[in-house]
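Here is a short report on a predicted model.

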Amino acid sequence: MTDLNSTNIEPGTWSWGAMPEQNRHVRGHEFYPPFAELAKIPELYATDGQPFEDKICHIHYFTGGSDWYIAEVDPSTGLAFGWARVNYPTGEWGYIHLVELEELCLTPSVRPGEVAIPIIVERDLHFTPTSAASIPALAE
């Protein structure tokens with residue numbers, strides 16, 4: 001597992017900087033949130049026992065027909081807990097490895113003369129922390 005340990009990096013200046021982003025050049029923006037946002041997200045298991053609809057989703061990632069909403073995170077490992085729907089009409093709560101999600105980059109095959117647009121997972125830069133009950137996809 002990749003170590004995302006930030007113990008030697010001054011808080012406020014770190015945005016998952018210990019972990020290089022493999023697809024930032026394709027994505028055009030940071031995959032991981034700034035440290036100030038990350039520090040507001042509960043650690044893994046911190047909301048254990050809380051009803052799912054009351055959990056706060058802090059980050060939204062997406063691509064095509066897939067969505068990932070993050071409610072808890074362990075920045076030292078990149079493991080998160082949240083709700084995911086991966087190319088399917090319904091989703092479920094579970095664990096998400098953010099490092100693997102960031103590394104995902106698929107280039108579809110195309111016919112000669114066509115341009116292949118890579119499929120990558122992006123962070124919704126306009127998403128604000130929201131209760132799971134307020135997110136339409138999670139209420140379905």
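## Second largest pocket

The second largest pocket has a volume of about 150 Å³. In this predicted model, its lining draws on helix 2 (35-38) and strand 3 (66-74), the elements that each give two or more residues. The residues lining this pocket are F35, L38, A39, I41, E43, L44, V73, D74 and P75.

By class, seven of the lining residues are nonpolar and two are charged. No polar residue takes part in the lining of the second largest pocket.

## Largest pocket

How much space lies in the largest pocket? The figure is about 200 Å³. The lining of the largest pocket consists of 13 residues. Nearest the centre of the largest pocket lie E37, H58, F127, T128 and P129.

The class make-up of this lining is six nonpolar, three polar and four charged residues.

## Cysteines

How many disulfides does the structure hold? The count is zero. A disulfide is a covalent bond between the sulfur atoms of two cysteines.

Is C57 buried or exposed? C57 counts as buried, because its relative accessibility is 0% and the cut-off for buried is under 20%. C105 has a relative accessibility of 30%, so C105 counts as partly exposed.

## Positive phi angles

Most residues other than glycine have a negative phi. Two residues of this model are taken up here against that background.

Y45 is not a glycine, yet its phi is positive, at about 75°. Where is Y45 found? Its place is the loop between helix 2 and strand 1 (56-57). Y45 counts as exposed because its relative accessibility is 52%, and exposed means over 50%.

N87 also has a positive phi without being a glycine; the angle is about 50°. N87 sits in the loop that runs between strand 4 (79-85) and strand 5 (92-97). With a relative accessibility of 60%, N87 therefore counts as exposed.

Methods:
Residues numbered from 1 in each chain as written. Predicted model: local features only at pLDDT ≥ 70, side-chain atom pairs only at ≥ 80, totals over all residues. Heavy atoms only, no water. 1 Å grid on protein atoms, 1.4 Å probe; cavity = no way out; pocket = protein on both sides within 12 Å on 5 of 7 lines; lining within 4 Å. Points joined across faces, edges and corners; volume = space filled by probe spheres on them. Nonpolar A, V, L, I, M, F, W, Y, C, P; charged D, E, K, R; others polar. Helix = DSSP H or I, 4+ residues; strand = E, 2+ residues; numbered from the N terminus. Disulfide = S-S within 2.5 Å. Buried < 20%, exposed > 50% of the residue type's maximum accessible area, 1.4 Å probe, protein only.
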